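The report begins with the ring pairs and then turns to the cores.

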Amino acid sequence: MPISAALVACALTVLGVGSPAAADDDKPATRDEATAACFRGCGQRLDNDPQLASLTKEQKRLVCDETCDCIINSMFERDGKQKRPPSELGAVAVACGDSARKKVIARIGSTAAQASATAAAPTATASPAINLSAGREILPGVKCKKASLPAWTYAAGEHRARISGVDYQVRLPAGWQARVERPELVVVSAPQSAGGVRPVFELFVSPICKSYDAPTVAQRIAARGLTELLAVEATAAQVRDGRWSGGLGGPVGVSLILYDVALETGKGERKLTLYVTDLGETKSFGVHASAVCPSAGSPSDEGPCEKSYFAMLQSAGPAK
């Protein structure tokens with residue numbers, strides 16, 4: 001008997017975190033469909049769990065991430081083949097739910113203790129969660145094919161982003177924050193900024209077009225890197241109106257690279273390097289990325305931001 005998305009959702013009711021009413025039809029589910037079913041609705045009833053009632057929204061999301069990663073990895077192989085019979089799903093869900101709760105609660109306690117001990121010398125700052133893609137095309141293009149785009153999912157437990165319905169995942173830099181800003185777009189931010197410039201990466205899908213407006217992406221990613229120093233509109237305008245040296249290259253995919261993008265802020269000039277990368281395409285959609293990094297110097301130099309970006313892109317591909 002095959003595992004169905006409905007069965008995964010039903011198993012979540014054992015944990016008190018889901019509803020079978022949100023599941024798809026009772027049909028064989030792929031690994032990605034089962035993952036989507038698990039995440040869909042998870043967290044809606046966590047407030048009823050007295051052990052978790054005091055957790056923040058982000059902490060509850062971590063419980064869902066841990067739970068669903070555990071369930072899916074227990075029931076499916078990496079290549080999507082069913083690993084265990086559906087009869088074991090209930091027991092797996094209970095065990096995974098208990099483990100997730102314990103992990104997150106222990107992690108919160110450890111983090112709180114560490115924060116108390118080092119309150120006088122914090123080492124990182126939170127990345128501003130500003131939605132810069134609302135109401136806009138992520139990657140405008142010319143003569144684009146109409147297609148239904150897949151969605152990204154983010155699994156915090158394994159710190160990877162995946163495209164639903166496709167055997168494609170990307171490993172994210174260790175210690176960086178990630179969020180799905182909209183279904184087609186994942187934003188990955190460094191834990192710290194350097195002189196007000198925060199390294200930020202984007203992963204996104206788009207329709208297949210004859211040509212793309214990469215400068216629009218460059219303006220957006222530059223604004224993400226300077227939110228601590230400059231208004232979004234002011235950053236985008238300086239990138240749009242300036243004249244910057246650039247070229248095509250990069251060790252992974254094909255990147256439009258703008259070097260030494262010098263922008264004026266209230267705290268002086270800041271130099272950036274911007275990347276807009278074409279990672280490849282299927283018959284119906286393209287996969288792209290972008291990055292803003294503090295300028296490493298000459299175009300031939302590669303700083304830690306660039307190394308993290310291209311290492312992330314190098315990991316992109318089928319699950320291993």
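In this predicted model, a search of the whole structure finds 5 aromatic pairs, where rings of Phe, Tyr and Trp (its six-membered ring) pair if their centres lie within 6.5 Å, with planes under 30 degrees apart counted as stacked, over 60 as edge-to-face and the rest as tilted. The rings of Y275 and F310 are edge-to-face, because their centres are 5.6 Å apart and their planes stand at 90°. This pair joins distant parts of the chain, Y275 in strand 11 (residues 268-281) and F310 in helix 7, 35 residues apart; helices (H or I, at least four residues) and strands (E, at least two) are DSSP runs numbered from the N terminus.

Both partners are buried, meaning under 20% relative accessible area, with exposed over 50% and partly exposed in between (1.4 Å probe, protein chains only).

| Residue | Relative accessible area |
|---|---|
| Y275 | 5% |
| F310 | 7% |

Ring pairs link W176, F201, Y275, Y309 and F310 into a cluster.

A nonpolar core is a set of buried Ala, Val, Leu, Ile, Met, Phe, Trp, Tyr and Cys residues joined through side-chain atoms within 4.5 Å. The largest has 31 residues, of which W152, L172, F201, L203, Y309, M312 and L313 touch the most other members. Helix 7 contributes the most to this core, with 5 residues. Apart from it lies another core of 23 residues, including V187 and L274.

Residues are numbered from 1 along each chain as its sequence is written. Local features need pLDDT of at least 70, side-chain atom pairs count only at pLDDT 80 or more, and totals for chains, interfaces and linings use all residues, while side-chain values use heavy atoms, leaving out hydrogens and water.
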